Amino acid sequence: MYKRQSQIYEAQNQDEKQKAIIEEALTIQKDWKVALLSLGNYYLKQGNVKEASSYFDKIITHHPKESIGYQKKAEIYFKKGDFKNTDLYLNKALQKDTTQSSIYLLFGNLAFERGLYDDAYQSYQKAIDKNPSFSEAHWKIAEMHLYKYKHHLRLKSYLNEAQKIVRKHPNSYLSAKI
């Protein structure tokens, strides 16, 4: 009953009603994973990272064999730019479940932010291998190609500018390099 009503409120963008029904459900069953996850996501959406994190911690406490609590904590750390803890929680999530494509997606995002593009590509590809219809992973690979292409265009423009300088100043430092 609670789950269905929560989904209805979510579909209607009635966040406060959804929150109330989930909180009511938790008074009956304090360790209900779906409710804890929903409240964590609710607080994350509201920008209350501390409160969201506390619900994800509860998932870890009550459901230690599940990966989702670790994954959600990793997402929070990633958004904060704390890559060390992102990596720590992603590895914990992966120890719990190697089938979740979203874990590999976040590993790819982490690698991309660190400038490890080959690792990012491999992680995105693993996400696709786990779920071939995972559009976000396909999109990330497309973005990587776009990024590389744009980067290539910037490099080309710098090389063109360098060649212009050499033509104007044949005895410059660059003339020996180009």
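## Where α7 meets α8

In this predicted model, S101, Y104, L105, F107, G108, N109, A111 and F112 of α7 are in contact with Y117, D119, A120, S123, Y124, K126, A127 and K130 of α8 (contact means heavy atoms within 4.5 Å). By class, this contact has nine nonpolar, four polar and three charged residues. Here Ala, Val, Leu, Ile, Met, Phe, Trp, Tyr, Cys and Pro count as nonpolar, Asp, Glu, Lys and Arg as charged, and the others, Gly among them, as polar.

Two packed helices are described by the angle between their axes and the distance between the axes. For α7 and helix α8 (residues 117–130), the angle is about 170° and the axes are 7 Å apart. That makes α7 roughly antiparallel to α8 (angles over 145 degrees count as roughly antiparallel). The two cross in a left-handed way, meaning that the near helix is turned anticlockwise from the far one by less than a right angle.

## A second pair: α5 and α6

Now to helix α5 (residues 68–80) and helix α6 (residues 83–96): their axes come within 8 Å and cross at roughly 165°. That makes α5 roughly antiparallel to α6. The crossing of α5 past α6 is left-handed. On the α5 side, the contact is made by Y70, Q71, K73, A74, Y77 and F78; on the α6 side, by F83, N85, T86, Y89, L90, K92, A93 and K96. By class, that contact has eight nonpolar, three polar and three charged residues.

## A closer look at α5

With 13 residues, α5 reaches 19 Å from its first C-alpha to its last, close to the 18 Å expected at 1.5 Å a residue (1.5 Å times one less than the number of residues). Its buried residues are G69, Y70, Q71, K72, K73, A74, I76, Y77 and F78, where buried means under 20% relative accessible area with a 1.4 Å probe. They pack against α3 (33–46), α4 (49–62), α6 and α7.

Q71 counts as buried because its relative accessibility is 4%. Leaving out residues up to four places away in sequence, Q71 touches A93, S102, I103 and L106. Just after α5, G81 takes a positive phi of about 85°.

## D97, between two helices

D97 lies in the loop between α6 and α7 (101–113). Its C-alpha atom is separated by 5.9 Å from that of S67, 30 residues apart along the chain. Setting aside neighbours within four places in sequence, D97 is in contact with S67 and I103.

## About the model

Residues are numbered from 1 along each chain as its sequence is written, and side-chain values use heavy atoms, with hydrogens and water left out. As this is a predicted model, local features need pLDDT of at least 70 and side-chain atom pairs count only at pLDDT 80 or more, while totals for chains, interfaces and linings use all residues.

Conventions: Axes are lines fitted to C-alpha atoms, for helices over the stretch in contact, and angles run from 0 to 180 degrees between N-to-C directions. Helices (H or I, at least four residues) and strands (E, at least two) are DSSP runs, numbered from the N terminus. Angles under 35 degrees count as roughly parallel, over 145 as roughly antiparallel, 65 to 115 as roughly perpendicular and the rest as oblique. Buried means under 20% relative accessible area, exposed over 50%, partly exposed in between (1.4 Å probe, protein chains only).
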